[in-house]
Amino acid sequence: MVEILQYRRIMLKQLALCLLTFLMFVQIAEARIRYYKWEVKYEYKSPDCYKKLVITINGRSPGPTILAQEGDTVIVEVKNSLMLENLAIHWHGIRQIGTPGMDGTEGVTQCPVLPGDTFKYEFKVDRPGTYLYHAHYGMQREAGLYGSIRVSPADGKTEPFAYDYDRSIILNDWYHKSTYEQATGLSSIPFVWVGEPQSLLIQGRGKFDCSSTPSASGVCNASNPECSPYVMTVIPEKWYRLRVASLTALSALSFQIEGHNMTVVEADGHYVEPFVVKNLFIYSGETYSVLIKADQDPLRNYWMTTNVVGRLPNTTAGLAILNYYPNHPRRSSPTAPPAGPIWNDTAPRLAQSQAIKARQGFISTPPAISDRTIVFLNTQNKVNGYTRWAVNNVSFTLPHTPYLVAEKYNLRHVFNQSSPPTGYDFQNYDIYNVANNTNATLNNAIYRLQFNSTVDIILQNANSMSNNTSETHPWHLHGHDFWVLGYGTGKFDIYNDPYKYNLVNPIMKNTVPVHRYGWTALRFKADNPGVWLFHCHIESHFHMGMGVVFEEGIEKVGNLPSSIMGCGEAKGLGKP
């Protein structure tokens with residue numbers, strides 16, 4: 001009898017071991033790891049026919065597309081071969097739940113990667129959708145360091161629309177001056193504005209008119225194959241999902257495809273109640289998925305174009321080719337490219353913003369009320385004679401020790417501990433005219449949010465320091481998605497406008513525009529422990545101080561990786 005019991009115990013142990021091994025195998029099989037190894041360096045490139053130094057990833061700009069599935073872990077090992085520049089890469093739209101140190105925001109969540117060093121980013125992609133990555137050190141993004149992230153649904157999950165093929169397209173504007181020249185001008189007295197971009201790129205390719213500006217021999221070459229138009233080949237009668245994203249440094253854009261309607265189905269990783277457009281308005285940091293059917297005359301090709309809106313155009317439109325197979329991919333369309341909408345007609349741009357609603361069956365209902373409301377007045381200002389952008393008359397600066405490290409290790413002395421303003425003089429401020437006093441102050445204080453609280457943000461646009469000038473500002477929130485509760489024109493009425501909020505089917509996004517002389521209302525849950533940047537995604541505007549930082553639940557943040565330290569008072573922290 002004893003021997004039988006011992007035999008049963010042995011068999012049970014072996015069975016349990018087999019079961020444990022099987023479960024571990026299943027977990028490993030489900031939790032895929034997507035590994036990428038990148039070298040970032042400068043190379044001479046001619047994306048718009050004009051040769052200049054471009055930041056590349058493994059020799060490419062845009063860099064490689066990251067392909068992953070919901071729930072996967074992405075590991076990107078980055079070697080900084082820029083020789084003379086630091087580096088940081090932000091994973092735009094990835095919320096970094098549980099990994100705040102991997103957000104890739106220099107000065108906020110990490111110290112920069114030094115020249116010659118290798119840094120390993122590791123994070124989980126927790127939902128399907130269209131996202132981006134780009135530099136987040138200085139103004140490097142506009143030097144070419146950017147790319148796409150495409151996350152497909154987990155096995156067994158389906159999307160609420162069908163298509164045959166999936167394509168990614170990044171729209172960008174392009175300058176010939178280096179980021180150093182631009183940053184120096186922005187930080188000088190007298191102020192030197194960056195000006196309008198020289199060209200627009202579609203998937204890294206554009207066409208600058210070499211005859212328009214004298215240059216040294218060989219610098220601009222219109223026949224260089226590097227600047228031949230981007231070609232997207234389609235098979236007649238097939239459906240295509242185009243993941244269209246913008247990473248412009250300055251420009252708001254319209255994107256159109258000659259002879260084809262586009263059905264908008266996704267925005268920033270969230271499904272949209274479908275609507276049809278001929279012109280897709282898109283702002284820096286936004287991503288959209290549109291469906292098109294290749295149902296036009298298959299014996300010819302068609303233009304894909306992008307052009308500047310919201311600013312007086314001084315930039316040639318971007319051109320690409322929609323190639324109907326089996327036509328030759330370089331065959332131009334026999335007709336003129338579509339002109340695009342009128343640049344200063346704001347009504348259709350506001351209408352598109354208001355048309356974006358969450359798709360039925362995929363609605364995430366926001367909390368009915370918020371715990372806190374913060375109003376951010378966006379203005380252009382002067383600080384000690386320098387031209388700056390500011391929020392509530394405070395122009396943002398970064399400390400030398402990243403906020404995340406300072407908060408985690410209680411290094412409160414490395415940045416200002418005062419509470420930044422949560423509003424402005426609603427009664428007396430005239431948003432339509434230059435302020436009587438344009439002076440602002442520099443500050444690096446942060447907004448502390450109660451963990452798990454619901455926060456409303458009102459973005460209020462106003463006049464700049466030039467009469468009748470109010471620029472569109474796309475604002476991007478790190479670490480979160482937010483509900484877009486509404487848009488309006490004029491000055492936000494804090495007593496009456498909240499009654500107009502859409503609490504039924506608001507879209508969730510991570511980047512949103514605040515239109516000319518208008519306001520945008522957002523709501524989000526402060527439920528992601530960490531320190532998160534919220535800023536205008538126009539490169540020069542953020543460089544000039546248009547941003548804020550939120551802290552929430554810092555006591556819930558686990559041990560930080562030592563790799564994000566090494567600057568300011570973070571040196572040596574986190575190491576055994």
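Where is Ser46 found? Ser46 sits in the loop that connects strand S1 (33-45) with strand S2 (52-57). The model is predicted: local features need pLDDT of at least 70 and side-chain atom pairs count only at pLDDT 80 or more, while totals for chains, interfaces and linings use all residues. Residues are numbered from 1 along each chain as its sequence is written, and side-chain values use heavy atoms, with hydrogens and water left out.

**Figure 1. The protein chain as a whole.** The protein chain contains five helices and 32 strands; helices (H or I, at least four residues) and strands (E, at least two) are DSSP runs, numbered from the N terminus. The C-alpha trace of the protein chain spans about 95 × 65 × 55 Å along its principal axes. For 576 residues, a compact globule would have a radius of gyration near 25 Å, and the 25 Å of the protein chain agrees with this. The radius is taken over C-alpha atoms, and the globule rule is 2.2 Å times the number of residues to the power 0.38. Of the 576 residues, 56% count as buried.

Figure 2. Ser46 counts as buried because its relative accessibility is 3%; buried means under 20% relative accessible area, exposed over 50%, and partly exposed in between (1.4 Å probe, protein chains only). Apart from its neighbours within four places in sequence, Ser46 is in contact (heavy atoms within 4.5 Å) with Lys51, Asn224, Glu226 and Cys227. As for the protein chain, among contacts between residues at least 6 apart in sequence, 80% join residues at least 24 apart.

**Figure 3. Close-up of Phe376 and Phe550.** The rings of Phe376 and Phe550 form a stacked aromatic pair, 6.5 Å centre to centre with 25° between the planes. Phe376 belongs to strand S20 (residues 372-383) and Phe550 to strand S32 (residues 547-552), so the pair ties together parts that are 174 residues apart in sequence. Rings of Phe, Tyr and Trp (its six-membered ring) pair if their centres lie within 6.5 Å; planes under 30 degrees apart count as stacked, over 60 as edge-to-face and the rest as tilted. Phe376 is buried, at 0% relative accessibility, and Phe550 is buried with a relative accessible area of 0%.

**Figure 4. Close-up of an aromatic cluster.** Tyr36, Trp38, Trp91, Phe119, Tyr121, Phe123 and Tyr133 are linked into a cluster by ring pairs. The structure holds 29 aromatic pairs.
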